[in-house]
Amino acid sequence: MKNKEVANLLYTIADLLDIRGEIPFKTRAYRTAAQTIENLDEDIEILAKEGKLETLPGVGKAIAKKITEYIETGSLTFFEKLKQEIPEGIIELLEIPGLGPKKVAALYNKLGIKTVEELKKACEEGKLRGLDGFGEITERNILRGIQLKEKTQGRFLLNLAYENGSRYVEYMKQLPYINKISIAGSLRRMKETIGDIDILVSSDKPEEVMNHFVAYPEVKQVLLKGRTKTSVILEDGIQVDLRVVEEKSFGAALQYFTGSKDHNIALRGIAIKKGYKLSEYGLFEKDTDRYVTGETEEEVYRTLGLSYIPPELRENRGEIEASLNNSLPNLVTYEDIKGDLHVHSKWSDGLNTIEEIAIKAKELGYEYIGIADHSQSLKIAKGLSEERILSKIEEIKKLNGEIEGIHILCGTECDIKQDGTLDYPNAILKKFDFVVAGIHMGFKMTREEATKRITTAMDNEYVNIIAHPTCRLIGRREPFDLDMDEIFEKAVETNTYLEINAFPDRLDLNDIYCKRGKEMGVKFVINTDAHSITHLPYMQYGVATARRGWLEKKDILNTLPINDLKKVIRC
DNA sequence: GCCGTTTTCGGCCCGACTGTTTTCAGTCG
Ligand SMILES: Nc1nc2c(ncn2[C@H]2C[C@H](O)[C@@H](COP(=O)(O)OP(=O)(O)OP(=O)(O)O)O2)c(=O)[nH]1
Ligand SMILES: [Mg+2]
Ligand SMILES: [Mg+2]
Ligand SMILES: [Zn+2]
């Protein structure tokens, strides 16, 4: 799949055209097309060969032609020429906060600056202040920007942002002038990684709120501070943005600040067509500027003729159209979840005993908990030998007799070997209440090999669930190159459930594959892969991923009550 | 550069904060 490669090419072209000074609408067109291709679940090469590129939203004649040339010849004349005009390397300058295309163009054209190092030197030598639009403060700000960029990593895992954001909100609530407060941005949409934390407040005393906000003990640096908007950097490098509005704007502001940007632009487009103007301050009549509504999100959507759209869906991936014709899914909720079917105990590499896990699961309100320890080949993870399985089954039998109010199921997370066969023979597999199968080593495979390995495992009659199907680790390991459509077809054919692994660095399957899989009839299960009882609450991130993938209660195995579950997994 | 059940041309979201701009451009959300 060259989707990512083609998307990156288009993003790069957009950046270079911005620096060249093209009108923003043109560069936005390139970015829209890039985004479409990045999120595409089909292979761009196949679409190009079939001449279907222009069916993609945001891809027209000009961009389709460029993609076709790039795929057929491996290079793009337009891009090569562009790079001669503007060196590709200067794009890294755009990553410095405070530097945009206009300033970067000036630095390159007037001072010949192409790298961060050259820029640093020029700032230190005071060479920028002579340029139009630059001054001494600009030089200092750029040096700070470079420092900031060097120190902070890119995006943060969802759980880390969630915990930080919750603490900040609790701190903010100490101030009596806070009327309403909400997390917004990608964190409210529960995106898999978070660029920064966005918080919205309604208050009649914005100055007091801002002062309280910047006085938070973990604040390292105040980036900007105004009457309605303030941004800070925390000690651990995460940025937090605060917006403060009046009560009558809270809903419109929450809508704005929750995003996504693309969702906002699309919604504002609808507002225009209906004779309104939508901003963070409310919905207004376009001609008279008369305030129409804005206190709640529901009112804003309703007045625009839309049913309420849950934050997780606001990515401009069809949710606005679905809302307009009342066909939004009825999303699965955390309360729908009746149990967790992928938990490790002390029997393999987990931290807790089965008893401790069962008690915690009961506390969480579950009906059942599935202990799925590693299989024999995973020696470093203390994978269970065939003899130890029998003892474990005995222990669970005993615990089920002792502990009221929770059903403990005995499963395994059985390794899928290179050839797609399983790490236990069928005679052993049939002893488990359920079988989760997953890949844990031998990650170097071609697309065909990886796909075959998983589909072969699904053909085994005892396999109920495929764990973390793409095996990605966010920020550390790329997902397998897989023919997902083939995997989905096989899952439907063999009645195998695909896991939404809720562990924050996995979230695998991701939201996009959930949506695509559902369209093909796939069923899912949301599991935490907990290695400690402190991981069991990660379930919420799995549910969020399912919701972002448009999934409903009926799509998820572990929303079933215990008796129905037992029928489905035949135990 | 893309798009169209009002349009094949003329729109394309709208506003906050900062700095050197003496009246607003650039960047960011
Ligand atoms: N209307 C409009 N809203 C925007 C724009 N840029 C950002 N927003 C809104 C929607 C975003 O979700 C929200 C917060 O901005 P962020 O830059 O923090 O983006 P977001 O939180 O979605 O993603 P992140 O994980 O932080 O990169 O502000 C824009 O250009 N126009
Ligand atoms: Mg954000
Ligand atoms: Mg933000
Ligand atoms: Zn596991």
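Helices (H or I, at least four residues) and strands (E, at least two) are DSSP runs, numbered from the N terminus. By that count, R570 sits in the segment after α24 (562-569).

This is a predicted model, in which local features need pLDDT of at least 70, side-chain atom pairs count only at pLDDT 80 or more, and totals for chains, interfaces and linings use all residues. Residues are numbered from 1 along each chain as its sequence is written, chains are lettered from A and ligands numbered from 1 in the order in which they are written, and side-chain values use heavy atoms, with hydrogens and water left out.

**Ligand 1**

A residue is near a molecule or strand if one of its heavy atoms lies within 4 Å of it. There are 15 residues around ligand 1. R155, S186, G195, D196 and D198 come nearest. Three of the shell residues are nonpolar, six are polar and six are charged. Here Ala, Val, Leu, Ile, Met, Phe, Trp, Tyr, Cys and Pro count as nonpolar, Asp, Glu, Lys and Arg as charged, and the others, Gly among them, as polar.

Where does the shell come from? Helices α11 (185-188), α13 (250-258) and α14 (261-273) each supply at least two residues. Domain 2 (156-245) and domain 3 (250-324) each give at least three. These domain bounds come from an automatic or database domain assignment.

A polar contact is a pair of N or O atoms within 3.5 Å; within protein, one must be able to donate a hydrogen and the other to accept it, and residues adjacent in sequence count only if both atoms are side-chain atoms.

| Ligand 1 atom | Side chain (N or O atom) | Distance |
|---|---|---|
| oxygen | R155 | 2.7 Å |
| oxygen | R189 | 2.9 Å |
| nitrogen | N264 | 3.2 Å |

The protein covers 72% of the 600 Å² of accessible area that ligand 1 has on its own. Accessible areas come from the Shrake-Rupley method with a 1.4 Å probe; for residues, only the protein chains shown count as cover.

**DNA strand B**

DNA strand B is surrounded by 48 residues, with G60, G98, T138, I265 and R268 the closest. By class, the surface has 21 nonpolar, eleven polar and 16 charged residues.

**Helix α1**

Buried means under 20% relative accessible area, exposed over 50%, partly exposed in between (1.4 Å probe, protein chains only). In α1, 13 of the 18 residues are buried, so the helix is largely enclosed by the rest of the structure. G21 follows α1 and has a positive phi, near 100°.

Most residues other than glycine have a negative phi, and most peptide bonds are trans. N326 has a positive phi of about 55° and is not a glycine. N326 lies in the loop between α16 (319-324) and β11 (339-343). Is N326 buried or exposed? N326 is exposed, at 64% relative accessible area. R570, also not a glycine, has a positive phi near 55°. R570 counts as exposed at 62% relative accessibility.

The peptide bond from G259 to S260 is cis, with omega near -5°. S260 is in the loop between α13 and α14. A cis bond also joins D508 and L509, with omega about 5°. L509 is in the loop between β16 (497-501) and α22 (511-519).
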